[in-house]
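Good morning, colleagues. Today I shall present one structure, beginning with a helix and moving on to its aromatic contacts.

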Amino acid sequence: MARMTKAQREWRPGMPRKRRSTKILFASTVLLLEAFVVFFATLAVFGLRRDEISPGLILTSGLILSAVLILTCAVLTKPWGVGVGWFLQLVLIAGGFLEPTMFVVGLAFALIWLYGIRQGTRVDRENVERDRVQAAWEKANPE
């Protein structure tokens with residue numbers, strides 16, 4: 001049998017489920033999409049510039065950046081996780097020095113990142129308020 005997580009071990013019937021952060025969901029989605037874009041951009045740079053830049057360097061750096069983008073999803077819940085995401089947005093924009101189209105793609109993803117972080121934070125704040133009001137109503141109206 002699979003090992004149970006802490007949340008699974010501590011669960012009891014009737015316990016409310018903890019909400020997942022919408023901000024983290026949006027940020028993770030953007031980072032995963034960027035990982036795919038970086039992978040395909042790596043292939044494009046490999047095809048266009050392998051005579052100018054070492055093919056091993058192109059493939060290694062592109063695959064490492066894709067892996068870092070994916071692994072960053074795991075640390076977004078840490079206080080510094082979103083800061084790492086912002087740094088990776090800058091790295092993606094800087095990829096435009098290798099392939100000029102990446103300036104546009106990187107800027108587009110940075111704007112999507114900004115929108116996801118801001119709207120996710122807003123939705124999380126609204127969810128906390130909604131849960132507070134719901135708990136107050138349930139306390140005032142027991143069944």
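Helix α5 covers residues 101-140, and its 40 residues reach 58 Å from the first C-alpha to the last, close to the 58 Å expected at 1.5 Å a residue. Helices here are DSSP runs of H or I with at least four residues, numbered from the N terminus, and the expected span is 1.5 Å times one less than the number of residues.

The model is predicted: local features need pLDDT of at least 70, side-chain atom pairs count only at pLDDT 80 or more, and totals for chains, interfaces and linings use all residues. Residues are numbered from 1 along each chain as its sequence is written, and side-chain values use heavy atoms, with hydrogens and water left out.

Among the buried residues of α5 are M102, F109, W113 and D124; buried means under 20% relative accessible area, exposed over 50%, and partly exposed in between, with a 1.4 Å probe and protein chains only. The buried residues of α5 pack against α2 (22-49) and α4 (81-94), contact being heavy atoms within 4.5 Å.

I turn to the rings. The structure holds 3 aromatic pairs. In one of them, the centres of F39 and F40 lie 5.2 Å apart with the planes at 70°, so this pair is edge-to-face. Rings of Phe, Tyr and Trp (its six-membered ring) pair if their centres lie within 6.5 Å; planes under 30 degrees apart are stacked, over 60 edge-to-face, and the rest tilted. F39 is partly exposed at 32% relative accessibility, while F40 is exposed at 53%.

F97 and F103 also form an edge-to-face pair, 5.1 Å centre to centre with 85° between the planes.

Conventions. Helix = DSSP H or I, 4+ residues; strand = E, 2+ residues; numbered from the N terminus.
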